[in-house]
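This report goes through selected parts of one protein model. Look at the sequence and the structure first, then read on.

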Amino acid sequence: MRSQRSPTDVPPPGPSNPTGLRRDMAEAHQAVGFRASLTPDGAEAQLSAPVLQDIYLSGLRSWKRTLSRFWNDVLTGVFPASPLSWLFLFSAIQLAWSVQLDPSLGLMEKIKELLPDGGGQYHMLRGVLAGALFASCLWGALIFTLHVALRLLLSYHGWLQEPHGAMSSPTKTWLALVRIFSGRRPMLFSFQRSLPRQPVPSVQDTVRKYLESVRPILSEEDFDWTSVLAEEFLRLQASLLQWYLLLKSWWASNYVSDWWEEFVYLRSRNSLMVNSNYYMMDFLYVTPTPLQAARAGNAVHALLLFRHRLNRQEIPPTLLMGTRPLCSAQYEKIFNSTRVPGAQRDYIRHLRDSRHVAVFHRGRFFRVGTHSRNGLLPPRALEQQFQRILDDPSPACPQEEHLAALTAAPRDTWAQVRRSMKSQAAEALEAVVWFDKSFTLIVFSNGKLGLSVEHAWADCPIAGHMWEFTLATECFQLGYSTDGHCKGRPEPTLPQPQRLQWDLPDQIHPSITLALRGAKILSENIDCHVFPFSHFGKSFIRRCHLSSDSFVQTALQLAYFRDRGQFCLTYESAMTRLFLEGRTETVRSCTREACDFVRAMEDQEKTDPQRLVLFRVAVDKHQALLKAAMSGQGVDRHLFALYVVSRFLHLQTPFLDQVHAEQWQLSTSQIPVQQMHLFDVHNYPDYVSSGGGFGPADDHGYGVSYIFMGDDTITFHISSKKSSTKTDSHRLGQHIEDALLDVASLFQAGLHLKCRPRGLGEEDSGHGCGFLSSPTGGIKTSRTPTNF
């Protein structure tokens, strides 16, 4: 948790739809940068090992993760059965045996013969043991059968191909069977053993889809050249590279996810700020309390409650359509996790437990305990501890105030400085590492909240799930007293928060100065624009019988064309958590169909009915791409994995080199609202998270995220770089609003648009939005507007 006196040091961002799509946030920037992590000045030496060895190690890591989750496997491995079902089966066998019935068809007698005969009183015990062994074997066979049946059912993806809003009889039958085999009250990790593995697509299909995706943005000459490279790749190298991927898909849990984490995130040497970390925001229009310490107390307690439920696996798994489970593996590293910098690659350190939070305020670091002998500290006690920090008049020590800027430095620089600090400040380093933490809660002086999230350990939906729980719990469950304080009584006997001491070597002082200067330059170069579009939202799009996400994505193509006068590669992140340890896939939203629609909108000779037909065709195409990505049949992760194998084998692949030299000038992401049952959007429409955002993936590009707030509002987060003469976040924001209204006007004949004129300029909105992750840290003080 962080605090800051002034908004001037606040840097920019680093992150629900009918099909159950879940989104990522800042990965496009990292995906573009991963190629550099494989170049000779980066990690080339690490790729000198044979590819078979790395595939073997990938599988070994998968098995180690399975063993590390042994206790969870004990609790969930028998799902959908339960330990009580074994007792019932054993009792039934013993009852049948007592009335001279042998349900084992003679097997129990043979088991008894194999057991040692102690004679006399042991004869009955042998019968009981034989019954227990037979019951265990039968029970295990039944559980294995259930797992296999459920995995086969979950491997079916025909439901994704259903027309929007329709469901065929086979899909209804499939849903019913999944519900039957899924058991009752599954725990968070109950379905992990039953999830299918992510399939390796056909190389021919992937190359064909890639060529189709770049056709709208390449000239005839460039497209012909790319096609020649693609044919050469298919003829010379594709089959060999594909063979290694198929081998890995059989041996490891997922053929791409560990390499994605390794090369896209952990080997990236860029600053985490803007390039990787993303942010999430508070309620847009309301603030439950203006008291900074009180808001921090409730929020931290809510986060600890979420961690408690996570440890006990009391968080239900995410289910699409209330039935189809998603992979829960990423939840394991939400808490107690840190990205530790290294010379050539970082690594994620995860602790089994932690009983404190680190607080940064006015350049000082504190350690605050979160537990007492009776369990979690109540919110009022946490508020008291945070208020003690706010009231502490002691100044920051020399260099301590800007020490955290080191975590915003390039990773090699931070790794080198950290090694020099470790011998003299080991205890303080163990307590906090800022930007490197899995997430950082930021609390402002006006009571607003924000979240900075490190990206390597998991994707946006996981942090978003936690954030939704936090906002709903601290506001609706814990609540505040009439004077704005947390409910309950202070505990004056609690020890004072511990001030962390830093014994910093003199040689790191210039590094701190350089890191702070670099962070400020990076921060001040970001143009971030956040605005709510309140003319219509999800309910209007639903009445159009269209996918909300595809509607917005197609409108974004129109907005970008009006902004830049051309089309560009567009990155939209889709989840692949239908598969074991799946993360994300790219939807290439700039399609030929979308371009045809955009040109029709700009052609004065086209009529609205013609434009509407083209719009529906573009939406259908986007939906098809989205469903293909979710079902493991996307383009980019397959090409990425092929490229990694080629580097292991030191093969020159001009086609793959060209693919991964592409620049994504429009990077987009929808932020999911996953737990609508926690919020009452009808009676309290303003009490919904306003989402979050991320930095642009290209120096001359945009980063755009959006969230559907309730039924009638879409909040957009747009980022670009001020140094570019080609981009302007406010200008694109206006184009997005105009594009959405122009598209909606095509449907106006039969549908009514609801206008909600309230904007960000209202006095009672209380929306200080300078709460983005900062190299200088924690309970952040900012009353700046939402434009950076």
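Where is the place of Gln 313? The model is a predicted one, and in it Gln 313 sits in the loop between helix H12 (292–311) and strand E3 (319–320). Its phi is near 55 degrees, which is a positive value in a residue other than glycine. Gln 313 counts as buried because its relative accessibility is 3%, and the cut-off for buried is under 20%.

Met 321 also has a phi near 55 degrees, again positive in a residue other than glycine. Met 321 lies in the loop between E3 and strand E4 (324–325). With a relative accessibility of 38%, Met 321 counts as partly exposed.

## Helices H8 and H9

Helix H8 (residues 203–214) and helix H9 (residues 220–236) have axes that come within 11 Å and cross at roughly 170 degrees. H8 is therefore roughly antiparallel to H9, since angles over 145 degrees are placed in that class.

On the H8 side, the contact is made by Val 203, Gln 204, Val 207, Tyr 210, Leu 211 and Val 214. They meet Phe 223, Thr 226, Ser 227, Ala 230, Phe 233 and Leu 234 in H9. By class, the residues of this contact of H8 with H9 are 9 nonpolar, 3 polar and no charged.

## Helices H11 and H22

The axes of helix H11 (residues 257–266) and helix H22 (residues 636–648) come within 11 Å, and they cross at roughly 75 degrees. H11 and H22 are therefore roughly perpendicular to each other, because that class runs from 65 to 115 degrees.

H11 contributes Trp 259, Trp 260, Phe 263 and Val 264 to the contact. H22 contributes Arg 637, Phe 640, Ala 641, Val 644, Val 645 and Phe 648. The contact of H11 with H22 has 9 nonpolar residues, no polar ones and 1 charged.

Leu 639 is placed in helix H22. Is Leu 639 buried or exposed? Its relative accessibility is 0%, so Leu 639 counts as buried. Leaving aside neighbours within four places in sequence, Leu 639 is in contact with Thr 206, Tyr 210, Phe 655, Leu 656, Val 659 and His 660. Leu 639 and His 660 are 21 residues apart in sequence, and their C-alpha atoms are 8.6 Å apart in space.

## Helices H19 and H20

Helix H19 (residues 548–564) packs with helix H20 (residues 592–602) at an angle of about 55 degrees, and their axes are 9 Å apart. H19 and H20 are therefore oblique to each other. Their crossing is right-handed.

In H19, the residues of the contact are Thr 554, Gln 557, Leu 558, Phe 561 and Arg 562. They meet Ala 594, Phe 597, Val 598, Met 601 and Glu 602 in H20. The residues of the contact of H19 with H20 divide into 6 nonpolar, 2 polar and 2 charged.

## Nonpolar cores

How many residues does the largest nonpolar core have? It has 107, and those with the most contacts inside it are Phe 233, Trp 259, Ile 334, Phe 386, Leu 441 and Phe 655. Helix H16 (residues 460–478) gives the most to this core, with 9 residues. Apart from this core lies another, of 43 residues, including Leu 558, Tyr 560, Val 704 and Phe 747.

Ile 334 touches Phe 306, Leu 310, Ser 438, Phe 439, Trp 457, Ile 462 and Met 466, when residues up to four places away in sequence are not counted.

## Two further loops

Asp 503 is in the loop between strand E13 (498–499) and helix H17 (509–524). With a relative accessible area of 44%, Asp 503 is partly exposed. Not counting residues up to four places away in sequence, Asp 503 touches Gln 424 and Ala 425. Asp 503 and Cys 397 are 106 residues apart in sequence and 9.9 Å apart in space, C-alpha to C-alpha.

Gln 665 is in the loop between helix H23 (654–659) and strand E17 (666–670). Which residues does Gln 665 touch, not counting those up to four places away in sequence? They are Tyr 560, Arg 564, Gln 566, Cys 568, Leu 569, Asp 698, His 700, Gly 701 and Tyr 702.

Conventions: Residues are numbered from 1 along each chain as its sequence is written. This is a predicted model: local features need pLDDT of at least 70, side-chain atom pairs count only at pLDDT 80 or more; totals for chains, interfaces and linings use all residues. Side-chain values use heavy atoms; hydrogens and water are left out. Axes are lines fitted to C-alpha atoms, for helices over the stretch in contact, and angles run from 0 to 180 degrees between N-to-C directions. Helices (H or I, at least four residues) and strands (E, at least two) are DSSP runs, numbered from the N terminus. Angles under 35 degrees count as roughly parallel, over 145 as roughly antiparallel, 65 to 115 as roughly perpendicular and the rest as oblique. A crossing is left-handed if the near helix is turned anticlockwise from the far one by less than a right angle, and right-handed if clockwise. Contact means heavy atoms within 4.5 Å. Ala, Val, Leu, Ile, Met, Phe, Trp, Tyr, Cys and Pro count as nonpolar, Asp, Glu, Lys and Arg as charged, and the others, Gly among them, as polar. A nonpolar core is a set of buried Ala, Val, Leu, Ile, Met, Phe, Trp, Tyr and Cys residues joined through side-chain atoms within 4.5 Å. Buried means under 20% relative accessible area, exposed over 50%, partly exposed in between (1.4 Å probe, protein chains only).
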